[in-house]
Amino acid sequence: MRGVDRLRGWPATLNEGPVGLRPLRLSDVRVWRETRLRNADWLRPWEPSNPETPLFRTGLGPYISMVGTLRREARQGLALPWVVTYDGRFAGQLTVGAIVWGSARSAQVGYWVDGALAGRAIIPTALALAVDHCFFTTGLHRLEANIRPENQASRRVVEKLGFREEGIRRRQLHIDGAWRDHICYALTVEDVPGGLLVQWRRARESAAHGGSPVEEV
């Protein structure tokens, strides 16, 4: 399968109310840098790092390098790199990466949000948008999210969306100065036959009308 065929529907801009996903741009460099530096303490315990280099550097080079890499992977059918927006403003990132085709058709998803915007259901909504696009437009079959056990907020995101917990991956990623265990959560397309966004809408509507509460993350 050619790379161009592998990313059906990319580039893609998706929206649900005030929450949006759009492709990452070089022009996001200054707002990305400002947001990352302001959120350094908020993000550091959960972000993958290189054992030999610092995670939060002050220059623009790391961002430019990251965008170049992600754009190349998108062209090759290996990633979908999105910016998360809220009311049209930069709010974070959501990347579907490590895409494997052939008999697997799987990928891993990672995300972060500006701490100043936490508690508004931005990431659950963005993730539901991304999952539906990956399953029903791009043609993936399985998505994984690997999360540190201590990261309760991120775990709540995937649990409320119905991702299955599938076990511990020992010392999977280098995070905040050490190799850390992660819990693997996963969804397959069979789990959301009507779409994940529809399920998420229903859960929020039920909570708004006195049903089981949905914690906003």
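Reply: Let's start with how strands are named and paired. Helices (H or I, at least four residues) and strands (E, at least two) are runs assigned by DSSP and numbered from the N terminus, and two strands count as a pair if DSSP finds at least two bridges between them. By that rule, eight strands build an open sheet here, in the order 1-2-3-4-5-6-8-7, with mixed pairing. Strand 1 (14–16) and strand 7 sit at the edges with a single partner strand each, so one side of each has no neighbour in the sheet. Neighbouring strands are turned against each other by 25° on average, direction ignored; the axes behind that angle are lines fitted to C-alpha atoms, for helices over the stretch in contact, and angles run from 0 to 180 degrees between N-to-C directions.

Before zooming in, some ground rules. This is a predicted model, where local features need pLDDT of at least 70 and side-chain atom pairs pLDDT 80 or more, while totals for chains, interfaces and linings use all residues. Residues are numbered from 1 along each chain as its sequence is written, and side-chain values use heavy atoms, with hydrogens and water left out.

Strand 8 (residues 178–188) runs antiparallel to strand 6 (residues 142–147), and six bridges join them. Along that pairing, Arg-142 faces Thr-188, and Asn-146 stands opposite Cys-184. Strand 8 also pairs with strand 7 (residues 164–175), again antiparallel, over seven bridges. There, Leu-173 stands opposite Arg-180. The hairpin of strands 7 and 8 has two residues between the strands, and Asp-176 takes a positive phi near 50° in it.

Charged side chains turn up here too. A salt bridge means a side-chain nitrogen of Lys or Arg within 4 Å of a carboxyl oxygen of Asp or Glu, and the structure holds 14 of them. One of these joins Asp-191 to Arg-164, with the closest N and O atoms 2.5 Å apart. Asp-191 is in the loop between strand 8 and helix 7 (196–208), whereas Arg-164 is in strand 7, so the pair ties together parts 27 residues apart in sequence. Shared partners then link Arg-142, Glu-144, Arg-164, Glu-166, Arg-169 and Asp-191 into one network of salt bridges.

Ser-106 is buried, at 17% relative accessibility. Contact means heavy atoms within 4.5 Å; leaving out residues up to four places away in sequence, Ser-106 touches Ala-98, Ile-99, Val-100, Leu-140 and Arg-142.

A nonpolar core is a set of buried Ala, Val, Leu, Ile, Met, Phe, Trp, Tyr and Cys residues joined through side-chain atoms within 4.5 Å. The largest one has 47 residues, and those with the most contacts inside it include Leu-140, Trp-82 and Phe-163. Helix 5 (residues 122–138) gives the largest share of this core, 10 residues. A second, separate core of 10 residues includes Leu-24, Val-29, Val-67 and Phe-90.

Val-29 takes us to helix 2, whose buried residues are Val-29, Trp-32, Thr-35 and Arg-36. Seen down the helix axis, these residues fall within an arc of 135°, so they line one face of helix 2; the arc is that of the directions from the axis to the C-beta atoms. The buried residues of helix 2 pack against helix 3, helix 4, strand 4 (89–100) and strand 5 (106–113), which brings us back to the sheet.

Arg-36 also makes a salt bridge with Glu-47, at 2.8 Å between the closest N and O atoms. Arg-36 is in helix 2 (residues 29–38) and Glu-47 in the loop between helix 3 (40–43) and helix 4 (61–75), so parts 11 residues apart in sequence are tied together. Both Arg-36 and Glu-47 are buried.

Definitions and conventions: Buried means under 20% relative accessible area, exposed over 50%, partly exposed in between (1.4 Å probe, protein chains only).
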